[in-house]
Amino acid sequence: VLFQASLQQPKTVLEALQQRLEKYKSAAAQAKASGDDRKGRMHERIAKQYQDAIRAHKAGRKVNFSELPVPPGFPPLPGVAATDADSTIAAVLESASKLANMEENDEEEESEPLTQAPVAKKPAQLPGKPTQVVKPITVPSAVAEEESPPEHLEFLENRKKQYMKAAVKAKKENNLEQAKMYLRTAKSFDLKIEQAKCGKPVDISKLPSPPTDDEGDFIFIHHEDVRLSQKADEVYAQLIKLLKDQHERCLQYSKQFMHLGNVAETTRFEKMAQGCKKDMDILQLARAQGMDPPSHHFEERTFKMIRIFSELNSTEMHLLIVRGINLPSPPGVSPRDLDAFVKFEFQYPSAEQPQKSKTPVINNTNSPEYNQLFKLNINRNHRGFRRAIRSKGIKFEVFHKGSFFRSDKQVGAAHLKLEKLESECEVREIIEIFDGRKPTGGKLEVKVRLREPLSGQDLQTITENWLVLE
């Protein structure tokens, strides 16, 4: 992070340059200390630019200060006149271009030690679930061999200008990473513009979407396309299913934010749900009229979400005993003859009146699958409950089922800590089973869920592949 809360206003250009140099040096050291060598090298290169500029300035040579990246929060160089708008844009883009080249060089350096390039995977067909990594899709165009009409050239040039303006805006806001990304995208239009000028066909459905701020926290990661070989009817069916899944997720997220009283996020996801519904109607109409499926692609979108199990109420806690793994056997019993069941005890409302139960017996295996759910009664604001969460946890005992003449034999015990429920709404652990203080090698997989954390909010970052009709 290059931002500095309080800066001493430099009186001379040399002092300002030295100030910026020291900032980039410290940023490079900080990046390397945190293990980010790539960012460290980039900051070192920028520091080198400033060292060269300082030497040239001291020698009385002319220095193009507009080429030097500006750390966020730093004032402009004193006494340096601003240039006109066109040259400012050019300088900004040139600076962003140099930074982009730095990043590309880093990528090349990091790839050198590899002895074998990774094998590219074949493009997959549309998956059944939108959460899988999928490639963007376009339907084959019937006019692929036709010449590009004149309006395509104008369209390409305008789209390139949009990305150049977005790069300038991002640079002015000191968002160098965003500026570099926009600049690289703008450069990618050059080849297509030359093709259009020569009359060669250009599929504009493959172009990146225009840069926009309307998506809020959504981050546009990539935009690529592959062609489908499926029949149109199959494509329609898959697209409608994906949009239906997106629509349901939007409603779910909207419901979660409504519960938290966040009107802005609730409204945003409601609008997204309406957009998915509108796209489904468009697809249904186009399908009924026998039209080819519309051009579409997938965007990988990332946003912050507050996790909550809305199906639970605030007076219950769910315990799920999932399975046993290599459970220990008592003497004289082989692992494949183990008939295991699990007892648990949660000391709430008190140690004298705990809540407890047990799983059914799973015969003839030392790795039984239980998937047994237990609903425990709680009072989130009760001192005894908070104490049980912070210090007691849940105790488990594993038994081998006895016969008519033999009693059940305890083969081990385990303990689940629950402190994470203070800030998270789910604890999922594979806990070790002990015989006294001696580990047995066996394990138990368990989950505990609350509707929401006891304190604060369970924030998580979600990345999803999002279908967009063009």
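Arg287 has a relative accessible area of 29% and is partly exposed (buried is under 20%, exposed over 50% and partly exposed in between, with a 1.4 Å probe and protein chains only). The model is predicted, so local features need pLDDT of at least 70 and side-chain atom pairs count only at pLDDT 80 or more, while totals for chains, interfaces and linings use all residues. Residues are numbered from 1 along each chain as its sequence is written, and side-chain values use heavy atoms, with hydrogens and water left out.

**Salt bridges between helices**

- The structure contains 16 salt bridges (a side-chain nitrogen of Lys or Arg within 4 Å of a carboxyl oxygen of Asp or Glu).
- One of them joins the side chains of Arg287 and Asp233, with an N to O distance of 3.1 Å.
- This pair links distant parts of the chain, with Arg287 in helix α8 (residues 263-288) and Asp233 in helix α7 (residues 232-259), 54 residues apart.
- Helices (H or I, at least four residues) and strands (E, at least two) are DSSP runs, numbered from the N terminus.
- Another salt bridge is formed by the side chains of Lys32 and Glu44, at 3.0 Å from N to O.
- Because Lys32 belongs to helix α1 (residues 13-33) and Glu44 to helix α2 (residues 37-58), the pair ties together parts that are 12 residues apart in sequence.
- Both partners are partly exposed: Lys32 has a relative accessibility of 37%, and Glu44 has 39%.

**Salt bridges within a helix, and a network**

- The side chains of Lys241 and Asp245 form a salt bridge at 3.3 Å, N to O.
- Lys241 and Asp245 are 4 residues apart in helix α7, which means that about one helical turn separates them.
- Lys241 is partly exposed at 42% relative accessibility, whereas Asp245 is buried at 19%.
- Salt bridges also link Lys48, Asp52 and Arg55 in a network.

**Cysteines**

- There are 0 disulfides in the whole structure (a disulfide is a pair of cysteine sulfur atoms within 2.5 Å).
- For Cys250, the closest cysteine sulfur is that of Cys276, at 4.5 Å, which is too far for a bond.
- Cys250 is buried with a relative accessible area of 0%, and Cys276 is buried with 5%.

**Helix α5**

- Helix α5 covers residues 176-187, and its 12 residues should span 16 Å at 1.5 Å a residue (the expected span is 1.5 Å times one less than the number of residues).
- The end C-alpha atoms of helix α5 are 16 Å apart, which agrees with that expectation.
- Its buried residues are Leu176, Ala179, Lys180, Tyr182, Leu183, Thr185 and Ala186.

**Surroundings of Gln355**

- Gln355 lies in strand β6 (residues 355-358) and is buried, at 16% relative accessibility.
- The side chain of Gln355 reaches two backbone oxygens, that of Asn377 at 2.8 Å and that of Tyr348 at 3.2 Å.
- With residues up to four places away in sequence not counted, Gln355 touches Phe344, Glu345, Phe346, Tyr348, Leu376 and Asn377 (contact means heavy atoms within 4.5 Å).

Terms used
A polar contact is a pair of N or O atoms within 3.5 Å; within protein, one must be able to donate a hydrogen and the other to accept it, and residues adjacent in sequence count only if both atoms are side-chain atoms.
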